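User: I am new to this structure and would like to learn how to read its features. Could you guide me through them in order?

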Amino acid sequence: MPHHRIGSKYKLYPTYDFACPFVDSVEDITHALRSSEYHDRNAQYHRIQDDMGLRKVHIYEFSRLNMVYTLLSKRKLLWFVQNDKVDGWDDPRFPTVQGIVRRGLKVEALIQFILEQGASKNLNLMEWDKLWTINKKIIDPVCPRHTAVIAERRVLVTLLDGPEKPYVRIIPRHKKYEGVGKKCTTYTKRIWIDHADAESISPDEEVTFMDWGNVIIKTIEKDEAGNVTHLTDVLHLEGSVKTTKLKLTWLPERDELIKLSLLEFDYLIMEKKLEEDEDFVDVLNPCTRKETLALGDSNMRNLKHGEIIQLERKGYFRCDVTYLRPSKPVVLFAIPDGRQQSVLR
């Protein structure tokens, strides 16, 4: 049967099994590093070299690195792309290098992880947590800090003795690393806090507003369903932050705030390890992407594409879409820190 391109020019198609022993030998490869799935073909590899009178190449075997809840087969990953289950080969849910880097993994963390595993012939099923823990140790000391408040049901706080006119202070983006520069923080009489934080506060409780100081809660207003809708409090800046149980993030009630889209991702399949007789289509995770709308401090309009930040008390994020205009949100991808369990299932 003629080849579809070169017809009957050659008597032997240059298949993978034939090409590898030939090319490795003539290109002066001394050691061929092959995963253990090719073990049964080692005899064929050396037989081809013997029959062709080629120099023998030493084969060094190692096991494939398998990750929990993860498909590494290109054929199976292609199914997700072709069926529009992901946005492409660089989708942050994909185990491709482009995918995990887009999600916020530093290349240095990946290299360190691989070196720590070493080349082993034992079959490994690794947890992603270890990789993301290494990544956190790399990004935490240097990534700038910013503030966000979840948009839904956010709660307005009125500081009875707060500043009548807003004022701005310049503070570090990272208190322990000056290399990331400074940011502007606006202080106003009315501020926003997360609804979850407002629900955890008690009347007359003293709490700390981060980067400002302590306040004492005076009144808590609720709607008919019992949800907190408004707080009033007074400043107590002479109070010690060491004595308060709650340290809360906040944002000024001003038009300068930036719209954010916070995206969290989960595994594509729900089985930790897919057995040989299992079809991955039967164990697809129905919820692998969650969007949360939020408001961010005005400094975030200057974020660069790919920049990694920490939203204080919310975790680490990578900027995937930068600020364009007030109506279009900045898109941030949540970066796992090695401790978080799935939040989407």
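User: Which residues have the most contacts inside the largest nonpolar core?

Analyst: A nonpolar core is read as a set of buried nonpolar residues joined through their side-chain atoms. In this predicted model, the largest such core has 18 residues, and those with the most contacts inside it are Ile193, Ile201, Val207, Phe209, Trp212, Leu231 and Trp250.

User: Which elements give two or more residues to this core?

Analyst: They are strands S7 (155-159), S10 (190-193), S11 (206-209), S12 (213-222) and S13 (228-235). S7 gives the most, with three residues.

User: What does Ile201 touch, not counting residues up to four places away in sequence?

Analyst: Ile201 touches Ile193, Ile217, Ile220, Leu231, Leu246 and Leu248 under that condition.

User: In what sense, parallel or antiparallel, does S7 pair with S10, and how does S7 run relative to S13?

Analyst: Pairing is read from the bridges between two strands. S7 and S10 are antiparallel, with four bridges, and Leu156 has Trp192 in S10 as its bridge partner. S7 and S13 run parallel and are also joined by four bridges; here Val157 is partnered by Leu231 of S13.

User: What is the strand order of the open sheet of seven strands?

Analyst: The order is S5-S18-S19-S20-S16-S17-S6, and the pairing is mixed. Strands S5 (145-146) and S6 (148-150) stand at the edges with a single partner strand each, so one side of each has no neighbour in the sheet. Within this sheet, S16 (residues 258-265) and S17 (residues 289-296) run antiparallel and are joined by eight bridges. Leu262 has Thr292 in S17 as its bridge partner.

User: Which strands does helix H6 lie across?

Analyst: Helix H6 (residues 128-139) lies across S18 (308-311), S19 (315-321) and S20 (330-335). The helix runs at about 125° to S20.

Conventions. Residues numbered from 1 in each chain as written. Predicted model: local features only at pLDDT ≥ 70, side-chain atom pairs only at ≥ 80, totals over all residues. Heavy atoms only, no water. Contact = heavy atoms within 4.5 Å. Axes fitted to C-alpha atoms, helices over the stretch in contact; angles between N-to-C directions. Core = buried A, V, L, I, M, F, W, Y, C linked by side-chain atoms within 4.5 Å. Buried < 20%, exposed > 50% of the residue type's maximum accessible area, 1.4 Å probe, protein only.
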